[in-house]
Amino acid sequence: MPPGKCTSGQRKWVPWSCWTQLTGLPLQVRLQVQSAEKPRYRGTLHCFRTIIQQESVLGLYKGLGSPLMGLTFINALVFGVQGNTLRVLGHDSPLHQFVAGAAAGAVQCVVCCPMELAKTRLQLQAAGPARTYKGSLDCLAQIYRREGLRGVHRGMVSTLLRETPSFGVYFLTYDVLARALGCQPGDRLLVPKLLLAGGTAGLASWLSTYPVDVVKSRLQADGVQGAPRYRGILDCARQSYEAEGWRVFTRGLASTLLRAFPVNAATFATVTAVLTYARGDEARPALAQPSGL
């Protein structure tokens, strides 16, 4: 892959990953937090159709502002922390890949948690004039006025429990697959291999901690459509399991995985392209050894 150039394959994947990131946003949360007694959606496709019928196509983009505000910063933070942590650890190994990824996941929670809180609240609010929040910043401002900093960081512990191990799995899986596939500079299949490794890493990351994500979404949505129900993480997990069984912890998984592969495939391929451009010849070892990212 020549420095500073994206292949046609990358250019096709980047917009596709953006589309899946955007349209997948409301499905996951709505499926995760819907009532067991009166469920509104029978599955991913039914949720998709219902949103379009009741709220038009714009309903698919509810809460979009919050992820877009933090997405670029979070990606820069994650890859920066991961790379620097790996250098501090001294040498590359599977354990160090996991530790560096876990460190990156923990650090980015400071941005990720409030961002996802705003996203969840915006997606669940009523459409039209009855809506409570005008946008992501207004949502966080109102929460801060009512509940203070603690309210803005609601779900922080569950976010840490999700992000810390999942990012460890994320970077470990990518590194192992990139090496196994032989991602070497000059390989004409380099970009497809990077896309496969990145996409698979995204799937493994979500699968490793998805039940925690369900609990996190329920905690952040608690009290939005009625009186608060949960006293904490364990109480939320217990009540959810008692009411709906183990399947509750897979709610919204299909839409999440459909989005995860292309989004993360494009993320790693794009990071590699940017580093190749920025470092020139220096970036070539990073392609042969993914830990150099």
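These exercises with worked solutions concern the predicted model shown above. Local features need pLDDT of at least 70 and side-chain atom pairs count only at pLDDT 80 or more, while totals for chains, interfaces and linings use all residues. Residues are numbered from 1 along each chain as its sequence is written, and side-chain values use heavy atoms, with hydrogens and water left out.

**Exercise 1. State how many helices and strands the protein chain has, and what share of its residues is buried.**

Solution. Helices (H or I, at least four residues) and strands (E, at least two) are DSSP runs, numbered from the N terminus. The protein chain has 11 helices and 0 strands. Of its 293 residues, 49% are buried, where buried means under 20% relative accessible area, exposed over 50% and partly exposed in between (1.4 Å probe, protein chains only).

**Exercise 2. Classify the packing of H7 with H8, and of H5 with H7.**

Solution. Two packed helices are described by the angle between their axes and the distance between the axes. Axes are lines fitted to C-alpha atoms, for helices over the stretch in contact, and angles run from 0 to 180 degrees between N-to-C directions. Angles under 35 degrees count as roughly parallel, over 145 as roughly antiparallel, 65 to 115 as roughly perpendicular and the rest as oblique.

- The axes of H7 (residues 156-181) and H8 (residues 190-221) come within 8 Å and cross at roughly 165 degrees. H7 is therefore roughly antiparallel to H8. Their contact holds 17 nonpolar, 11 polar and 4 charged residues (Ala, Val, Leu, Ile, Met, Phe, Trp, Tyr, Cys and Pro count as nonpolar, Asp, Glu, Lys and Arg as charged, and the others, Gly among them, as polar).
- H5 (residues 94-124) packs on H7 at about 140 degrees, with the axes 6 Å apart. H5 is therefore oblique to H7. This contact has 15 nonpolar, 7 polar and 4 charged residues.

**Exercise 3. Check the span of H9 and find which of its residues are buried.**

Solution. The expected span is 1.5 Å times one less than the number of residues. For the 12 residues of H9 (residues 233-244) this gives 16 Å, and the end C-alpha atoms are 16 Å apart, which agrees. Asp235, Cys236, Gln239 and Ser240 are buried. Seen down the axis, the buried residues fall within an arc of 125 degrees, so they line one face of H9; the arc is that of the directions from the helix axis to the C-beta atoms. Leu234 and Glu242 are exposed on the other side of H9.
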